[in-house]
Amino acid sequence: AGCACHRNAEGEEAPATMPDERETLFSRDGVSLTRDDETGLLSLLLDRGQNRFNPEFVTLLSSALDAAEAAPHPKALVIAGRGKFLSNGLDVEWMASDAVGTAPMIESVWRVLARVLTMDCRTVAAINGHAFGAGLFLALSCDFRLMRTQRGYLCFPELNLGMPLAKGFAELIKAKVSGPTMREGVLTGKRYGSSEALEAGLIDGECDAEELNGRAEETALGGLPESLGLANFDPDSFRAMKVELYTDAYRALTLGKVATAPESRL
């Protein structure tokens with residue numbers, strides 16, 4: 001399938017990862033949520049350059065998720081970036097400028113991840129470029145992940161940055177990543193291209209940039225009750241099912257503190 005293209009900051013032609021002709025439910029400062037009224041598809045586009053997590057970005061994501069959660073069923077959600085990044089993780093420059101505010105900011109990121117993790121509909125990450133640290137955790141919070149080939153890496157950068165994982169991130173990795181991949185990714189800081197990420201189980205599929213949006217939408221809409229042939233889909237039960245599957249991650253993301261000891265159980 002073809003796709004519209006635009007020029008990125010480097011002057012390169014890059015695929016527009018979200019369509020434009022849809023009802024806009026939220027749009028502010030590079031974060032937008034649109035809805036296709038015919039299918040119920042929700043498209044959350046992150047278009048703030050590197051999409052680093054800082055208080056402003058977290059507030060924008062929270063507002064977009066408010067709109068997504070309020071949207072009627074049937075629905076499904078695709079999250080994507082534009083250009084080189086899905087997200088380059090935590091805004092370490094902001095963190096260096098506000099030591100007191102860093103822990104509360106990271107905890108606010110966890111609350112956002114918890115909401116994505118337990119959304120009452122199918123969620124799909126369309127990984128258009130690099131997803132490092134919190135950007136990778138955002139993708140891991142989704143039910144399914146697709147990644148473009150030829151550009152972009154997935155990485156847990158904490159080892160390289162001299163940082164601990166902290167409880168919320170650690171439990172999310174345990175919930176979504178296999179033991180061997182967790183060991184390799186966290187303890188070596190390996191960068192995964194799309195083929196390696198697929199082999200490691202970090203993503204569910206890879207495709208050319210031109211196909212990414214369509215594949216992500218197809219995967220998302222494949223989770224609609226009608227697509228699955230469900231007789232009695234209940235959104236609250238679906239959300240509860242996710243909480244049951246990812247209990248430790250959910251508790252850490254919703255209740256955890258950055259200062260929580262790594263050996264603790266919540």
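Are F53 and F57 buried or exposed? F53 is buried, and F57 is buried as well. The structure discussed here is a predicted model.

**Aromatic pairs**

The count of aromatic pairs comes to 5. In one of them, F53 and F57 have ring centres 5.0 Å apart and planes at 70°, so this pair is edge-to-face. In another, the rings of F137 and F169 are stacked, because their centres are 4.5 Å apart and their planes lie at 15°. F137 belongs to helix α4 and F169 to helix α6 (residues 167-176), so the pair ties together parts that are 32 residues apart in sequence. F137 is buried, with a relative accessible area of 0%, and F169 is buried, with a relative accessible area of 3%. Ring pairs also join F137 and F169 with W110 and F156 in a cluster.

**Charges over rings**

Two lysines sit over tyrosine rings, as listed below.

| Lysine | Ring | Distance to ring centre |
|---|---|---|
| K176 | Y246 | 4.8 Å |
| K190 | Y192 | 5.3 Å |

An open sheet of 4 strands runs in the order β7-β9-β11-β12, and its pairing is mixed. At its edges are β7 (85-87) and β12 (191-192), each of which pairs on one side only. Inside the sheet order, β9 (residues 130-132) pairs with β11 (residues 154-155) in the parallel sense, over 2 bridges. F132 stands opposite C155 of β11. Strands of a sheet pair through backbone hydrogen bonds, in either a parallel or an antiparallel sense. Helix α4 (residues 134-141) lies across β7, β9 and β11 and runs at about 100° to β9.

**Cysteines**

How many disulfides are there? The count comes to 0. C121 is in no disulfide, and the nearest cysteine sulfur, that of C142, is 9.9 Å away.

**T118**

T118 is placed in the loop between α3 (99-117) and β8 (122-127). This threonine counts as buried because its relative accessibility is 2%, the limit for that class being under 20%. Leaving aside residues up to four places away in sequence, T118 touches R239, K242, V243 and Y250.

Note on methods
Residues are numbered from 1 along each chain as its sequence is written. This is a predicted model: local features need pLDDT of at least 70, side-chain atom pairs count only at pLDDT 80 or more; totals for chains, interfaces and linings use all residues. Side-chain values use heavy atoms; hydrogens and water are left out. A disulfide is a pair of cysteine sulfur atoms within 2.5 Å. Buried means under 20% relative accessible area, exposed over 50%, partly exposed in between (1.4 Å probe, protein chains only). Contact means heavy atoms within 4.5 Å. Two strands pair if DSSP finds at least two bridges between them. Axes are lines fitted to C-alpha atoms, for helices over the stretch in contact, and angles run from 0 to 180 degrees between N-to-C directions. Rings of Phe, Tyr and Trp (its six-membered ring) pair if their centres lie within 6.5 Å; planes under 30 degrees apart count as stacked, over 60 as edge-to-face and the rest as tilted. A charge sits over a ring if NZ of Lys or CZ of Arg is within 6 Å of the ring centre and within 35 degrees of the ring normal.
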